[in-house]
Amino acid sequence: MTMKQKKTYLEIIRIIAIFLVIYVHTGTDGAEHYQIAGNAFSYCLSLVMYCLAQISVPLFFMVSGAVLLHKKETLKDVLIHRASRILGLILVFGFVQYVYFYFLNPEIGFSLSVYFKLVYSTTVITQFWYLYTYFAFMLILPFVRMLAVSMKKEHFLYLFGLHFLLNGLLPIVEYIWGNSRIVLSVPLLEGALFYPLMGYFLEHQSDEFFCRKKFLVFTNFFGIMAVITNTVVAFMAHRQRGGAETLEGMTAAIALVLFLDLRALARHVKVFYRLQRIICFLGSGVFGVYLLEPPLRDSFRFIYVALKPYISWFPACALWIFSAMFCGILMFHIFKKIPVLKKLF
């Protein structure tokens, strides 16, 4: 896809999403800093950021829905040019991660049999669960497309409302009741289906109603309340169970609001050509950052260690992540020039 074909706001969403992906994996240095926070401000900031970080993968799936579900491709094209490419990335970068983890943990052994076992079971790197889920999404892409193009406004509102009810409002009863857990599953509300459909609808099927000022004011209030609710739930879960948790329905609401806000902003704010090129350059390298996230994150942690005593934990963590992201994006664009890897990307 050329720069003229890309939509800048979708690239910004990708950049935000990969920042939050790395942030989720920073442990007590970032996402779980509430476990060791020394004051109320740090504790609250950490919980809020923990809640916001949960929209990282939903945003990726929403962008995938926005850019893929409207295309017309044969089943052969999907399997050969999309699914097989993701499978190739799993095998290639699964091996890269295997070598890295063998270097850190030589006791796991180094052999093809161990590699294939680890890649097949996804234990070579737990962060690759998204890549496996994305591969599954590619396999059912033709069917999701048929579903997507049939959606109308009332279908989307019903789907989102059902998700918000079952995964956002009803689980609150769980916290009120203590140990009770609500068991009611609707397969269509799984992230790999729900979020691509949501991204497709907001990008291709939503009318001007979704960009009106009054509607955006309402959705932003809705999003703020979702952040507050998830923060309270995270606080309660931390106190009751020792670790923060969030409600998927509230996370979906936050992702929806961010998507709508950036989409509306893109319609009213003209991005200068040079800035657009920079954003597209950064956004197009995000996938490479994801593929190499653990070694990148580990390699740049020294920035956090060096800066934390002077600028506090969160700014130090942000600079750590930005440094890892920028390096990963540069590496990705270099890798794309290698003929064998170019075919995979």
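Predicted model: local features only at pLDDT ≥ 70, side-chain atom pairs only at ≥ 80, totals over all residues.
**A colleague's note on the salt bridges, rings, cysteines and surface patch**

1. Helix 14 covers residues 293-299, and the two partners sit 4 residues apart in it, about one turn of the helix. Both glutamate 293 and arginine 297 are buried.

2. Shared partners also turn up among the salt bridges: Glu73, Arg82 and Arg145 are linked in this way into one network. In total, the structure has 8 salt bridges.

3. One of the bridges deserves a look for its reach along the chain. Lysine 7 and glutamate 203 meet through their side chains, with 2.2 Å from N to O. Lysine 7 belongs to the segment before helix 1, while glutamate 203 is part of helix 9 (residues 191-205), so this bridge ties together parts that are 196 residues apart in sequence. Glutamate 203, at 10%, counts as buried.

4. Another salt bridge pairs arginine 241 with glutamate 245, and here the closest N and O atoms are 2.9 Å apart. Arginine 241 is partly exposed because its relative accessible area is 35%. Glutamate 245 is partly exposed too, with a relative accessible area of 27%.

5. While you are in that region, have a look at histidine 238. This histidine is found in helix 10, which runs over residues 213-241. Its relative accessible area is 12%, so histidine 238 is buried. Which residues does histidine 238 touch, leaving aside those up to four places away in sequence? The contacts are Tyr34, Gln35, Tyr43, Gly243 and Ala244.

6. Now to the rings. A search of the whole structure gives 31 aromatic pairs. In one of them, phenylalanine 19 and phenylalanine 322 have ring centres 4.9 Å apart and planes at 35 degrees, so the pair is tilted. Phenylalanine 19 comes from helix 1 (residues 8-24) and phenylalanine 322 from helix 16 (residues 313-335), so the pair ties together parts that are 303 residues apart in sequence. Phenylalanine 19 counts as buried because its relative accessibility is 11%. Phenylalanine 322, at 46% relative accessibility, counts as partly exposed.

7. A further tilted pair is made by tyrosine 98 and tyrosine 115, with 5.9 Å centre to centre and 35 degrees between the planes. Tyrosine 98 is in helix 4 and tyrosine 115 in helix 5 (residues 112-121), so the parts tied together here are 17 residues apart in sequence.

8. Phe60, Phe61, Trp129, Tyr130, Tyr134, Phe137, Phe287 and Tyr290 form it together.

9. On the cysteines, how many disulfides does the structure hold? The count is 0. Cysteine 51 is in no disulfide, and the nearest cysteine sulfur, in cysteine 44, lies 11 Å away. Its relative accessibility is 0%, so cysteine 51 counts as buried. Cysteine 327 itself counts as partly exposed because its relative accessibility is 24%.

10. Finally, the surface. Leu75, Leu79, Ile80, Leu139, Ile140, Phe143 and Met146 make a nonpolar patch of about 660 Å². Helix 4 (75-104) and helix 7 (141-149) each contribute at least two residues to the patch. Which helix gives the most to the nonpolar patch? Helix 4 does, with 3 residues.

11. Isoleucine 140 is located in the loop between helix 6 (129-139) and helix 7. With 35% relative accessibility, isoleucine 140 counts as partly exposed.

How values were computed. Residues numbered from 1 in each chain as written. Heavy atoms only, no water. Patch = residues over 30% accessible without salt bridge, like charges linked within 9 Å, V, L, I, M, F, W, Y side chains within 5 Å. Areas by Shrake-Rupley, 256 points an atom, 1.4 Å probe, with all protein chains shown as cover. Salt bridge = Lys/Arg side-chain N within 4 Å of Asp/Glu carboxyl O. Buried < 20%, exposed > 50% of the residue type's maximum accessible area, 1.4 Å probe, protein only. Disulfide = S-S within 2.5 Å. Phe/Tyr/Trp six-rings, centres within 6.5 Å; stacked < 30°, edge-to-face > 60°. Contact = heavy atoms within 4.5 Å.
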